[in-house]
Structures are given as structure tokens and as C-alpha cells.
Amino acid sequence: MICEAHYGSRKIPFRLERRKVKSLAISVHPAGLVEVVAPLDADADEIRQRVGRRGRWVLKQQRDFARMLGLPEGRNHRSGESIRYLGRQYRLRIRQGEKDAVRLSRGCLEIVTRPTSHTDRPTRLLAAWLADRARQKLAERFQRCAKHVESFGIKSGPFSLRRMPRRWGSCGKQGRVLLNPALVAASVDCIDYVIIHELCHLRCHHHRPEFYKLLVRILPDWKRRKAKLETSLG
Ligand SMILES: [Zn+2]
């Protein structure tokens with residue numbers, strides 16, 4: 001169910017789902033979609049007001065993700081916009097067809113939706129597609145990088161995806177590496193740089209010279225990759 005909250009003069013459309021939960025939870029999807037999970041008996045006006053009160057936070061999340069992915073902020077996608085995926089720019093082409101689909105072909109990212117779909121359907125399909133590609137691609141790169149650092153005696157643990165507004169990755173004290181799904185916008189060499197940086201933290205939990213000595217040994221051109229990541233997506 002699509003609802004609308006207000007924050008100042010801004011409208012915040014959100015998708016409402018009611019579930020057997022105790023409290024309301026608001027999340028912002030990487031493509032800007034706002035999802036709200038509310039208790040079964042929560043009052044609709046009350047929900048809209050609560051979302052409105054978090055408006056500042058919602059808009060900031062949308063801006064951060066839009067910047068990272070090169071997506072428009074808090075509105076639906078249109079044909080002709082460009083989308084970053086694995087370091088390349090793709091032109092978005094939205095058309096109607098018999099079946100929902102997202103596919104890449106010859107420099108274009110094509111989104112097909114059924115004629116009866118809601119106007120936010122292309123944005124939702126794109127967000128789901130990017131999230132799915134992020135899961136697959138980042139898992140594949142993590143495996144490769146884990147293998148690479150293993151030859152330097154670093155044993156890696158699990159990794160998971162987590163949206164972080166200002167970070168590409170992090171490494172917890174328990175050895176779990178977190179990667180930002182928005183990294184799927186970056187090229188593979190930049191993705192590998194972020195992963196290897198975090199994997200080096202499994203041995204050095206700091207950024208002292210010892211850490212950089214290790215990093216340069218494992219990834220001699222890390223500075224070039226970091227600069228490329230910052231100029232393309234920073
Ligand atoms: Zn670090």
C-alpha cells in the first residue's frame with residue numbers, strides 16, 4: 001500500500017506494510033524508496049505523522065544513496081537518466097511490455113513494466129535488481145579477495161551487506177566484514193580495493209603505518225584504486 005507523509009513542503013511517498021510487530025520501522029531503500037513496517041493495529045494518520053517527523057533523516061538517506069549510485073533523489077526514474085553499475089554508465093530505457101524485466105544491453109539498462117503498473121514500478125524494479133546484483137557481485141569479489149589475502153596468511157571470516165551512509169565497508173572486532181551494497185556502482189578494481197582494505201583489518205585493527213605496509217604488500221596499486229573510487233563515486 002502506497003501512502004504519503006509530509007515534511008515541510010516536501011511529500012514523502014512510502015510503501016506501508018502491516019505486520020505482527022511491536023513498533024514502527026522506517027527504512028530507505030538504496031534507490032530511494034521508503035518502506036514502513038507498522039503494527040497491525042497502528043492508526044494510519046499516526047503512521048503518516050511519525051514518518052513525517054523522521055522526514056529530515058529520510059531525505060538525508062535518499063540524498064546519500066542517490067549520490068553513491070548516481071540515482072535521482074526521492075522520485076521515480078525516467079528514461080534517459082544514467083545509472084552507474086560496475087563502473088560503467090548505462091542509459092536508462094523504460095518501456096511497457098508483457099512481463100516485468102530488467103536487463104542490460106548495449107550500454108542501456110532496460111526496464112520493462114506491465115501497462116497496468118503503478119508509476120513507481122520501474123524504480124522498485126531497478127532497486128530490487130541493483131540489490132540482487134550487489135548480493136551476487138560482491139559475494140563473488142569477496143570470495144576472490146579472501147583467496148588472495150589467504151596467500152598472505154590472512155584467514156577471512158563471513159561478510160554481509162549493510163547500507164552505511166558514509167562508508168563503503170567496515171570490519172568488526174569479531175572479524176565480520178560489512179560491505180555497502182551501493183559499491184555495486186563501482187568498478188571491480190575499486191570493489192576489490194575496499195574488500196582488501198577491510199580484510200587487512202583482520203590483522204591490523206587500525207590505520208597505523210603497519211596497516212598500510214600490509215595493504216601495499218597485498219595490493220601494490222591500492223592508492224590508484226582509492227583515488228579512482230573517490231573521483232568516480234565520491
Ligand atoms: Zn580501514
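Predicted model: local features only at pLDDT ≥ 70, side-chain atom pairs only at ≥ 80, totals over all residues.
**Entry 1: overview**

Residues are numbered from 1 along each chain as its sequence is written, and side-chain values use heavy atoms, with hydrogens and water left out.

I looked up the extent of the C-alpha trace, which spans about 55 × 45 × 30 Å along its principal axes. The protein has 234 residues, and 47% of them count as buried (under 20% relative accessible area; exposed is over 50%, partly exposed in between, with a 1.4 Å probe and protein chains only). For contacts between residues at least 6 apart in sequence, I found that 45% join residues at least 24 apart; contact means heavy atoms within 4.5 Å.

I then checked charge: there are 50 positive and 23 negative side chains, and the centres of the two sets lie 4 Å apart. Lys and Arg count as positive, Asp and Glu as negative, and His and the chain ends are not counted. Each charge is placed at NZ of Lys, CZ of Arg, CG of Asp or CD of Glu.

**Entry 2: the sheet with β1 to β4**

I traced an open sheet of four strands in the order β1-β2-β4-β3, with mixed pairing. Two strands pair if DSSP finds at least two bridges between them. β1 (2-7) and β3 (25-28) are the edge strands with a single partner each, so one side of each has no neighbour in the sheet. On average, neighbouring strands here are turned by 35 degrees against each other, direction ignored. For such angles, axes are lines fitted to C-alpha atoms, for helices over the stretch in contact, and values run from 0 to 180 degrees between N-to-C directions.

I followed β3 to β4 (residues 34-39): the two are antiparallel and share four bridges. Valine 28 has valine 34 of β4 as its bridge partner. Helix α1 (residues 44-53) lies across β1, β2 (10-19), β3 and β4, at about 130 degrees to β2.

**Entry 3: the sheet with β5 to β8**

I found an open sheet of four strands ordered β5-β6-β8-β7, again with mixed pairing. β5 and β7 stand at its edges with one partner strand each, so each has a side without a neighbour in the sheet. β6 and β8 run parallel and are joined by six bridges. One pair I looked up is arginine 93 with glutamate 110 of β8. α3 lies across β5, β6, β7 and β8, running at about 125 degrees to β8.

**Entry 4: single residues**

Which residues does arginine 141 contact, leaving aside its neighbours within four places in sequence? I found Val188, Ile191, Asp192 and Ile195. Arginine 141 is in helix α3 (residues 121-150) and is buried, at 11% relative accessible area.

I also looked at backbone angles. Most residues other than glycine have a negative phi. Leucine 86, in the loop between β5 (82-85) and β6 (88-96), has a positive phi near 45 degrees. Arginine 106 sits in the loop between β7 (101-105) and β8 (108-113), and its phi is positive at about 40 degrees. Arginine 106 counts as exposed, at 85% relative accessibility.
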